[in-house]
Amino acid sequence: MAAKKQYGNQSISSLKGADRVRKRPGVIFGSDGIEGCEHSVFEILSNSIDEAREGFGDEILVTRHADGSIEVEDFGRGIPVDYNEAEGRYNWELVFCELYAGGKYNNGEADGYEYSLGLNGLGLCATQYSSAWMEVEIYRDGKEYRLHFQKGENVGGLEQKDCRRKKTGTKIRWLPDLEVFTDIDIPAEYYRDTLKRQAVVNSGLRFWLVDEASGQREEFYYENGITDYLKELAGENTLTPVQFWQAQRQGRDREDKPEYKVKLSVAFCFSNQQHLLEYYHNSSFLEHGGSPEKAVKSAFVSQIDGYLRQNGKYLKNESKITFADVEDCLMLVSSSFSTQTSYENQTKKSITNKFIAEAMTDFLKHQLEVYFIENPDDAQRIGEQVLINKRSRENAEKTRLNLKKKLAGSIDLANRVQKFVDCRTKDTARRELYIVEGDSALGACKLGRDAEFQAIIPVRGKILNCLKADFDKIFKNDIITDIIKVLGCGVEVKSKANKELSSFDLEGLRWNRVVICTDADVDGFQIRTLILTMLYTLTPTLIEEGYVYIAESPLFEITTKDMTYFAYSEAEKTKILQKLEGEKFTLQRSKGLGENEPDMMWMTTMNPQTRRLIQVSPDDAAATLETFELLLGDNLAGRKEYIAANGHLYLDNADIS
């Protein structure tokens, strides 16, 4: 048996150079899948947008090449490439080969990028590091510069020659690396959506998309930015005309933090046919909102509620409107810019600046107050529509709750079960309930499961022997009643004791599989048997119809340099060891469920492709009862001895599924 690997002073290492991105792309791009690959494209595009916003270049060309590579060309000043005295390196090295190097760290100062989308000095270098290859052309200072990179490494240094081309700018073409991302086939729709959004928030900036494979060339351009965009979407039939407001503010997020500038612009209208909310900051689409969303919610609810109160529009004792009532008829696009930005993470899908939220809230409240005073007809239409939305929502909610009470029966009781962890899908044909042994196993299963279709309920403490206890005692047992509530089908026994649990109805069962999951030891077998006894006593139809399963836990883990094997019996262990003859390995008794890593729990117990389930399907109910009584008799020592020797055979007619 091989010695355990030591964890000492030499065990700590750090990623260097391109490996910092290539081996952990999710850290920079938020994902190693297609979303991460898409974000790497946006990092390059954002640099070109920043140049154009500073007044250098009025169009950007994006090309999808037939070989899967991407090209972004702008007509800005061109990336600086010469020697940087302050840093002691060439600028092209800093920009393409050094994370956290860029020209936007002093963007609060007059000579830098004032309102910049790319702030962290990560994007260009990170995209270069994550590419199979990258070709760069830079035109500036009357010269043409070229750079070539292969898998994060520069090849051939900086090439330069004199150039008569008058237009300056940067052209970057690269192929995302399949060794870094799991998928690099970015759909054309991503480019269309992204370029359209950027045209919306960068008024007067023209974007071109060229698709080499299809030969299509598309233009994205909005002369008046978010106003034209909203008019395009809203059409003619709106409750109110499109309003456009803008302002500039200066402030700080905290007393000890420096001041920064904020530019705010909002276009909105009200409609009883559609709704829309889109937030942008420094031209990045804020999918998760953050500060601007917070401001819009606060300001619109406050001012519309104030109008309704002042004009006596609420009924007596009627509750206040919520943003859901406003949102249902509001079409709004917000575009803000700031010289300091706190993004939630590198993917820039949400901002958290406290001052932006406060400044925008005050700005919107003031503008709405003036708007309502100057446009009383608009204010009345808005107020009435929001009240219609509110009252419709409340009536629908009341109807839904009444219907739920009628139909749910014991199903609704699952919401009140302690430590029950539900799954997301409502499709009963896919839902699986794991009944696990204790809180530690609950934690391991919760982390290792597929939350889409696998739910968990822990058995806390020792469960009653339902063959020996009377119903009065059974239905006072929290563990048993919790399991029955979560099952949702009620019980098949008539007793005054089960007031809260409905009579049995198989249609009410919320699960396609009920899986008993306990440790592969004597205590685990005992708990498993007690749960089966409970199900056999209270809901025998679930066993007869094949809904009840046992999750087999491995007895041994056999680990080699390259792989871990799991043995579920002594025979399997012997077979694996014979197969590994001559190899170094470690053999250990498998841990309890609560000690397993989530990946191990998923692989051995919960993954439908690799787990082992025993379907409990007794053909002879009397024989099953006899077996249960043998296992749950009065002789505790004899029972433990029997289970230890024969536990895996305690159901003679179990079928592997």
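Residues are numbered from 1 along each chain as its sequence is written, and side-chain values use heavy atoms, with hydrogens and water left out. In this predicted model, local features need pLDDT of at least 70 and side-chain atom pairs count only at pLDDT 80 or more, whereas totals for chains, interfaces and linings use all residues.

Helices (H or I, at least four residues) and strands (E, at least two) are DSSP runs, numbered from the N terminus. Two strands are taken to pair if DSSP finds at least two bridges between them. Strands of a sheet pair through backbone hydrogen bonds, either parallel or antiparallel.

Strand S6 (residues 143-150) pairs with strand S5 (residues 131-140) in the antiparallel sense over 8 bridges. Within this pair, Trp133 has Gln150 of S6 as its bridge partner. The two strands form a hairpin with 2 residues between them, and Asp141 in the turn has a positive phi of about 55°. S6 also pairs with strand S7 (residues 153-154), again antiparallel, over 2 bridges. Phe149 stands opposite Asn154 in S7. The hairpin of S6 and S7 has 2 residues between the strands, with Lys151 in the turn at a positive phi of about 50°. A further antiparallel pairing joins S6 to strand S8 (residues 159-162) through 4 bridges; in S8, Lys161 is the bridge partner of Glu144.

Strands S10 (residues 206-211) and S11 (residues 216-220) run antiparallel and are joined by 5 bridges. Trp208 has Glu219 of S11 as its bridge partner. The hairpin of S10 and S11 has 4 residues between the strands, and Gly215 in this hairpin takes a positive phi near 80°.

S12 pairs with strand S13 (residues 260-270) in the antiparallel sense over 9 bridges, and Val262 in S13 is the bridge partner of Arg249.

H6 (188-201) and helix H3 (34-53) each supply at least two residues of the lining of the largest cavity. A cavity is defined on a 1 Å grid over the protein atoms alone, as a set of points where a 1.4 Å probe fits but cannot get out, and lining residues have an atom within 4 Å of a point. Grid points are joined across faces, edges and corners, and a volume is the space filled by probe spheres set on the points. The search of the whole structure finds 1 cavity of 30 Å³ or more, and about 50 Å³ of space lies in the largest cavity. The lining consists of Val41, Leu45, Val62, Val72, Tyr190, Tyr191, Thr194 and Leu195. H6 gives the most to this lining, with 4 residues. By class, the lining has 7 nonpolar, 1 polar and no charged residues, with Ala, Val, Leu, Ile, Met, Phe, Trp, Tyr, Cys and Pro counted as nonpolar, Asp, Glu, Lys and Arg as charged, and the others, Gly among them, as polar.

Helix H8 (residues 291-310) has 20 residues and reaches 29 Å from its first C-alpha to its last, close to the 28 Å expected at 1.5 Å a residue. The expected span is 1.5 Å times one less than the number of residues. Just after H8, Gly312 takes a positive phi of about 60°.

An open sheet of 3 strands has the order S22-S21-S23, with antiparallel pairing. Strands S22 (564-567) and S23 (586-589) are its edges, each pairing on one side only. The twist averages 20° from one strand to the next. Strand S21 (residues 556-559) pairs with S23 in the antiparallel sense over 4 bridges, and Gln588 in S23 is the bridge partner of Glu557. Helix H17 (residues 570-579) lies across S21, S22 and S23, running at about 150° to S22.

Technical notes: On a 1 Å grid over the protein atoms alone, a cavity is a set of points where a 1.4 Å probe fits but cannot get out, and a pocket is an open set with protein on both sides within 12 Å along at least five of seven lines; lining residues have an atom within 4 Å of a point. Axes are lines fitted to C-alpha atoms, for helices over the stretch in contact, and angles run from 0 to 180 degrees between N-to-C directions. Contact means heavy atoms within 4.5 Å.
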